[in-house]
Amino acid sequence: MPARPARPTNAIDQTRRMLSLVTYLRERPGARVGDVARAFGISEDELISDLDVLPLCGTSFRGGDLLDIDTDGERIWWHNPDDVAAPLRMAADEATALLVAARAVSTLPGLREGDRQALLRATAKVEAAAGEAAGASARLSVTFESEGGVFADVDRAIAERRRLWIRYYSPSRDELSEREIDPIRLVSVGHTYVEAWCRRSEARRTFRLDRVAEIRILDEPSAPPEIELRDLSEGLVQPAAEDPEVIVEVGPAGRWVAEYYPHDSAVDLPDGGLRITLRTPDPASLRRLALRLGGDGRIVAPPELADSARRAAREALAAYDAPEARAEVRDAADERREQQL
């Protein structure tokens, strides 16, 4: 029988599966690969991928505390279950952090009710085990910003294989756009993103959750085309070595550029700013960045791009000096004053 194609899997589903897999393998030493894959409803390739990750997990980063699990392709062996699975004592600060986080997650809008109830039951067990440490956690609380609700809706859409409608802010164009997307997976690379098939552009796109202004789960089924999942361990954008090099200098108020743009280096300047070296296949696209920075930054190299950015800035200033532009500014000021009155 031909192998079943791998299904798109989000990080939460994979984590749930791997936690169950640890218990399953502990109770079945030498389990057959095919039997385990069938029990979890996944392909053998997906199972082997999970088994490649499990040896990196454990109670600490010391070698003896990691899961010693391997396979010969036919059977799976766990060599140190008694050592790693021994009950651990939780420190007071660990219990407090865990309880505060668990209570915060349980309030997320859009969280599936079954997951919420399971989390509350687990929280109650941790409270009982933590004893006095649980009292400190009760005096603390965490409130998620809007990204939490977006995360819950995306996670639900992935689990139920449904399409999403979003209003999304694109900083490169400084505009909001409406899109229908077929979500594929959630990824975390500094920020949390959803990788999806965008129906507007008919291409794979990655959307940052904190830039989603509005979101709705649609009734239409999610049907992204079969695409190979990218390795994002090195970041979402991975410029090629042969891409042109651009050097940007920013003041203290422009240090955010190093957080948003993949770069080769960022060297501190005496005034508190940064000298950032990055690569891009389209250097001209950075002119908009230079205009956004204004007095907080400038393009240093290549010289032709720096000259182009200066020309664009002069043209923008000249537009504001035009009579019609001055009239628009006056009208806007008058309107603000009327609103204040």
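Contact here means heavy atoms within 4.5 Å. Keep that in mind as you explore this predicted model, where local features need pLDDT of at least 70, side-chain atom pairs count only at pLDDT 80 or more, and totals for chains, interfaces and linings use all residues. Residues are numbered from 1 along each chain as its sequence is written, and side-chain values use heavy atoms, with hydrogens and water left out.

**Stop one: Asp 50.** Select Asp 50 in helix H3 (residues 44–53); helices (H or I, at least four residues) and strands (E, at least two) are DSSP runs, numbered from the N terminus. Asp 50 is buried, with a relative accessible area of 1%; buried means under 20%, exposed over 50%, and partly exposed in between (1.4 Å probe, protein chains only). Now show Gln 14, Arg 17, Met 18, Leu 21 and Ile 42: Asp 50 is in contact with them, leaving aside neighbours within four places in sequence.

**Stop two: helix H6.** Next, select residues 113–130, which form H6. Colour its buried residues, Arg 116, Thr 123, Val 126 and Ala 130. Looking down the axis of H6, you will find them within an arc of 85° (taken from the directions from the helix axis to the C-beta atoms), so they line one face of the helix. Turned away from that side are the exposed residues Arg 121, Lys 125, Ala 128 and Ala 129. Just after H6, find Gly 131, with a positive phi of about 65°.

**Stop three: Ile 181.** Finally, select Ile 181. Among the residues it touches, not counting those up to four places away in sequence, are Leu 164, Val 194 and Phe 207.

Conventions: The expected span of a helix is 1.5 Å times one less than its number of residues.
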